[in-house]
Amino acid sequence: VIRRTLEDDLKYHIKTKVISSRPWVPQHRERIFIVGFREDVGFDFDAFDATLPPKEQWPILGDILQGDNEVDAKYTLTPRLWEYLQAYRAKHEKAGNGFGYSLFGQSGVTRTLSARYHKDGSEILVDQPKSRPRRLTPRECARLMGFERGDRTWQIPVSDTQAYRQFGNAVVVPVIEAIAGYMQPYLT
């Protein structure tokens with residue numbers, strides 16, 4: 001329906017590509033990107049992969065985490081929630097299902113951050129070897145989504161719940177920047 005509308009109704013020449021955020025942020029997040037031009041300018045995603053950063057430069061979770069002294073204790077799971085998540089995972093593993101929490105260390109690469117992260121944070125828990133795991137902070141979510149990168153900082157004027165929802169519903173900024181840079185030569 002999307003393709004038909006863009007091509008037939010709106011007369012765009014479109015190209016699509018599934019792109020992972022992995023080369024830019026320590027997160028497995030694949031999304032389909034659709035690029036369209038009103039005129040056929042010869043744009044194709046074929047050479048896009050050649051523009052990716054080299055694998056040895058791909059970040060890991062430790063690159064975006066705040067220091068232990070910067071993370072409020074409220075992000076560490078309560079004993080009750082941690083017990084619940086462990087029991088829930090064990091129950092589903094026994095049944096042959098893949099449901100449950102995911103725990104990541106400094107050298108890890110996370111699952112996809114979702115808008116429901118505010119509920120229990122179970123899809124991305126940060127391992128704390130001497131304590132219970134913790135959720136990512138909103139600042140770390142901003143970094144995981146590429147809003148904060150290098151010298152670029154991001155103001156988060158909303159509650160944690162709203163920040164988690166907004167970051168979980170966002171696109172990964174460096175991916176969009178890379179696509180825009182790749183499109184630049186085709187713009188007149």
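1. Is Thr137 buried or exposed? Thr137 counts as buried, because its relative accessibility is 3% and the cut-off for buried is under 20%. Keep in mind as you read on that this is a predicted model.

2. A bit more on that threonine. Thr137 sits in the loop that runs between β5 (134-135) and α4 (138-144). If you skip its neighbours within four places in sequence, Thr137 is in contact with Gln66, Val71, Tyr75 and Tyr164.

3. Another loop residue to look at is Ile124, found between α3 (117-120) and β4 (125-126). Ile124 has a relative accessible area of 0%, so it is buried.

4. Not counting residues up to four places away in sequence, Ile124 touches Ser102, Phe104, Thr110, Arg111, Thr112, Leu113, Tyr117, Arg134, Arg135, Leu136 and Leu144.

5. Now the nonpolar cores. The largest one has 35 residues, and those with the most contacts inside it are Ile19, Phe45, Leu113, Leu136, Phe167 and Ile179. Elements giving two or more residues to this core are β2 (30-37), α4, α5 (160-168) and α6 (173-183). The largest share, five residues, comes from α6. There is also a second, separate core of six residues, with Leu77, Leu81, Trp82 and Tyr101 among them.

6. Leaving out neighbours within four places in sequence, Phe45 is in contact with Lys15, Thr16, Lys17, Ile19, Phe33, Val35, Ile179 and Tyr182.

7. The largest pocket has a volume of about 230 Å³. It is lined by 16 residues, and the closest to its centre are Asp68, Asp127, Gln128, Pro129 and Arg134. By type, the lining splits into six nonpolar, five polar and five charged residues. Arg134, one of the residues closest to the centre of this pocket, is also one of those that Ile124 touches.

8. The second largest pocket comes in at about 200 Å³. Of its 13 lining residues, Tyr88, Gly100, Arg111, Arg116 and Ser122 are the closest to its centre. Helix α2 (residues 79-94) provides the largest share of the lining, three residues. Here the lining divides into five nonpolar, four polar and four charged residues. Arg111, too, is on the list of residues that Ile124 touches.

Notes:
Residues numbered from 1 in each chain as written. Predicted model: local features only at pLDDT ≥ 70, side-chain atom pairs only at ≥ 80, totals over all residues. Heavy atoms only, no water. Helix = DSSP H or I, 4+ residues; strand = E, 2+ residues; numbered from the N terminus. Buried < 20%, exposed > 50% of the residue type's maximum accessible area, 1.4 Å probe, protein only. Contact = heavy atoms within 4.5 Å. 1 Å grid on protein atoms, 1.4 Å probe; cavity = no way out; pocket = protein on both sides within 12 Å on 5 of 7 lines; lining within 4 Å. Points joined across faces, edges and corners; volume = space filled by probe spheres on them. Nonpolar A, V, L, I, M, F, W, Y, C, P; charged D, E, K, R; others polar. Core = buried A, V, L, I, M, F, W, Y, C linked by side-chain atoms within 4.5 Å.
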